[in-house]
Amino acid sequence: MQFIPDMILLRAICRKRKLLVLAAVFFSMNCLSQSRERIGINEGWRFMRYESEPDKLIYDIRPEVRDRNDNIIADAKPTEAVVTGSSEKVLKKWILPSANDFIKDPAKHHQRPDGNPGSDFPFVQNNFNDLTWERVTLPHDWAIKGPFYEGARAEVGGGMGRLPSQGIAWYRRKLDISAADKGKQVYLDIDGAMSYAMVWLNGNLVGGWPYGYNSFRLDLTPYIKPGSDNQLAIRLDNPNHSARWYPGGGIYRNVWLTKVNPVHVSQWGTFITSREVSASSAMVDLVVSIENKSGHDQKVELVSEVYTLNDKPGKVAKVTTFPGATSNIEAGKKIKLETSVTIKNPLLWGPPPAQRPNLYVAVTRLRVNGKVVDEYETRFGIRSLQFDPVKGLLVNGKSVRFQGVNQHHDLGALGAAFNTRAAERQLEILKELGCNSIRMAHNPPASELLDLTDRIGFLVIDEIFDSWERKKTPLDFHLIFPDWYEPDTRAFIRRDRNHPSVIAWSFGNEVGEQYTADTGALLAKKIKDIVYEEDPTRPATASMNYAKPDMPFPKEMDIISLNYQGEGIRDAPAYAHLRGIRTSPLYPAFQKAFPGKLIVSSETASALSTRGTYLFPVFNGSSAPVSDSTGGDPKNKYVSAYELYTAQFGASPDKVFASQDKHPFVAGEFVWSGWDYLGEPTPYYSARSSYCGIIDLAGFKKDRFYLYQSRWRPDWPMVHILPHWNWSERNGQVTPVHVFTSGDEAELFLNGRSLGKKKKAAFEYRLRWDDVKYEPGELKAIAYKKGKRWAVQTVRTTGTPSRLMMNADRKTIQADGADLSFITVAIADKNGVTVPDANNKINFSIEGPGEIVATDNGDPADLVSFASGERQAYFGFALVIIRSEKGKIGTIKVSASSPGLKAVAMEIKTGNR
């Protein structure tokens, strides 16, 4: 592949024996100095969502939705866009100029028309009384508390999570701009607003950004009134039928006010890369984009120092200083300054456990006339990447197999509103699984999530689009693609390109342009060229579930990124009756067509299950599509937890493992999906969340967790038995027992009697005793590895429910109004053993400086509001999420009770850092 250099950016791209060698270092911006203020403005907002006829301040005309069916198979062919009319009354022409900084060709910049649309609308006025509106703190998801829509003709169906994310809403807040800020540039930075955001300040339409997943900046300077209150008003318009999963609704990420001097570092204005990386040295290159918003030319001096970071992270020790650079900058113009330095004995960033995710920070200062006018921090890491078509990914010269998952953006019962601790918990459980890689499906994540992947050491494929010009849902991104794909792509890359965890870009997922031959390939090249212009240091790709090796589309991809095609789609006998895409395993064909490109499965499996539910009879093969008669229970909306059943286009983990092991040149996989997520509840669209996670929506591990762990952590002694052993209604009936282990063989015992020892054969990943007849008592599995005892697990028939038990992920949290404690409540018998088939209703209460944010149980079909303090346990477990109150240090007491069971309580301490 040929990367396009941009000025000095990564002059270290080379080819050696068909080996793509990339070396780079990367960022997360944390800027605070006397010359630059970045102020969080998440508090003090008023919110209103229309319950009846909304206003007419629309971004653009949208087509009428005629087909409201959202129960569409995920690999269905996308279709052409519907042509709509135009209107002079829409606000699109006033919003498009917000994209100009991310449009390369000045001739294509948008000119703002005369006029000030919406200036006479009451909600944008300073004197409008919003005291009756709801008081909210950001990040905020207006839909997550529900109520859920029910029934076959619900306003919002299962595809988008049955929650009221649709509609138009307003947010208002006063901004205190002091008189001392006169002469400064004041920017509004919104990390994510769903969707079609339009912003007014003091009655003036400032601008906006339609794509709900991208971060964006608006210049408030022309409209502020220093020394007085300034009224900010933000309108969001979140259409129904605009997504295949739950999008959330609202300003669901952080919002900032950034104040800088007229000469300052641009938005996301640093790019740090490295070359010639080794254990003894690395050459680090820094490019800084500077703009001059003053009325006259300036001479600017650039000085940058490098420090190590600790785990907090905070600066530890100064490492080196970049050589200074000086330049003149004309009034109203931008320049780039470049400088390089060699770092001796660098602390390299790499994924655990074999490597450490070491981080640095560059502190960049701009001086004008000897005075510091801006200070900007750039966090980064130093590492080299090699994408080898045979060896796979090499990080710092060491082979790393992708043991990855796909993750949607919601945080379960917390919805789309980003919370750092909730995201960290997800990553911690994935790390326990043995996961080392995340694909951000299918949109830019919160920047704080990438801070976490940097710190913990996950590898990331960062993805931006699920659709281009052809649509998957009637009102998805295809409506704005022609105007916004370039600015959205450039903004996405600039924000994330300095994160060391990001190792590749994905600019499309299963897009309809796979089907349009040369036309689709030409559009793919156009987007890929934009990616290269912003970052020539990483490969760029789009995931393919249809494009074949002989088609033009994959020729434009740096990495062959396959969704399900590698292990074959609908090719096994159990899938023969299904309609849709059908392919044999295509790893060999793609390798033959593209021998110099790395091949990875960007989506595998799409296996389905509900935790704790086991349905009989059990399929005697290794993979089958779920149906009402095979692995599925439409009445209770269960999918059997024997972990053999899949979506129509999917494959069981066993089938995926075998296909990858038969083709060792494949660099690994990203399982669909790591966690269950809201929306897309295949196979039961009357439910509200997905079935495909290795971990359920509440964070409880499905049996599949242990199947992946047995593969991804081969040195971890573990053995896992399924199913549970509470089957009073099945006395004497065949009840198959399966065992997952990182060992190579196991012996199974029932009530002390050996049922035989079994050894994994080639391309086998579970051990099966399919003829076991149930009798109450004890199952024990003893696993062996290389002939030596390796691990033991015992499963017993329990007594009846007797008591509740509690366990918190953390018993001390910060009193910052954002930190969380996730408390698991288990229903146990008199001996304290969890009763795995118990579904008792649990009531939660709280005392002290905290609140119950949400409850859950992992049941995809539970339509009780997440905000409810009452939750039915789902096969033994329920979850309650506790949040601290800001500034209040003390003790929170959380209690749980259930009729007929012994209650339980727990204390959570809150404090300062």
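In this predicted model, the side chains of Arg439 and Glu603 form a salt bridge, with an N to O distance of 3.0 Å. Arg439 belongs to strand β25 (residues 437-440). Glu603 belongs to strand β30 (residues 599-605). The pair therefore ties together parts that lie 164 residues apart in sequence. In total, 53 salt bridges are counted.

Helix packing was examined for α7 and α8. Two packed helices are described by the angle between their axes and the distance between the axes. Helix α7 spans residues 653-662, and helix α8 spans residues 703-712. Their axes come within 11 Å and cross at roughly 20 degrees. Angles under 35 degrees count as roughly parallel, so α7 and α8 are roughly parallel to each other. The crossing of α7 past α8 is right-handed. On the α7 side, the contact is made by Pro653, Asp654, Phe657, Gln660 and Asp661. On the α8 side, Arg704, Leu707, Tyr708 and Arg711 take part. By class, this contact comprises four nonpolar, four charged and one polar residue.

The mean pLDDT of the protein is 94. Of its residues, 95% reach 70 or more. Over residues 1-33, however, pLDDT stays under 50. For these residues the model has 126 contacts beyond four places in sequence. Where pLDDT is low, the predicted coordinates should not be read in detail.

How values were computed:
Residues numbered from 1 in each chain as written. Predicted model: local features only at pLDDT ≥ 70, side-chain atom pairs only at ≥ 80, totals over all residues. Heavy atoms only, no water. pLDDT = per-residue confidence, 0-100. Contact = heavy atoms within 4.5 Å. Axes fitted to C-alpha atoms, helices over the stretch in contact; angles between N-to-C directions. Helix = DSSP H or I, 4+ residues; strand = E, 2+ residues; numbered from the N terminus. Parallel < 35°, antiparallel > 145°, perpendicular 65-115°, else oblique. Left-handed = near helix turned anticlockwise from the far one by under 90°. Nonpolar A, V, L, I, M, F, W, Y, C, P; charged D, E, K, R; others polar. Salt bridge = Lys/Arg side-chain N within 4 Å of Asp/Glu carboxyl O.
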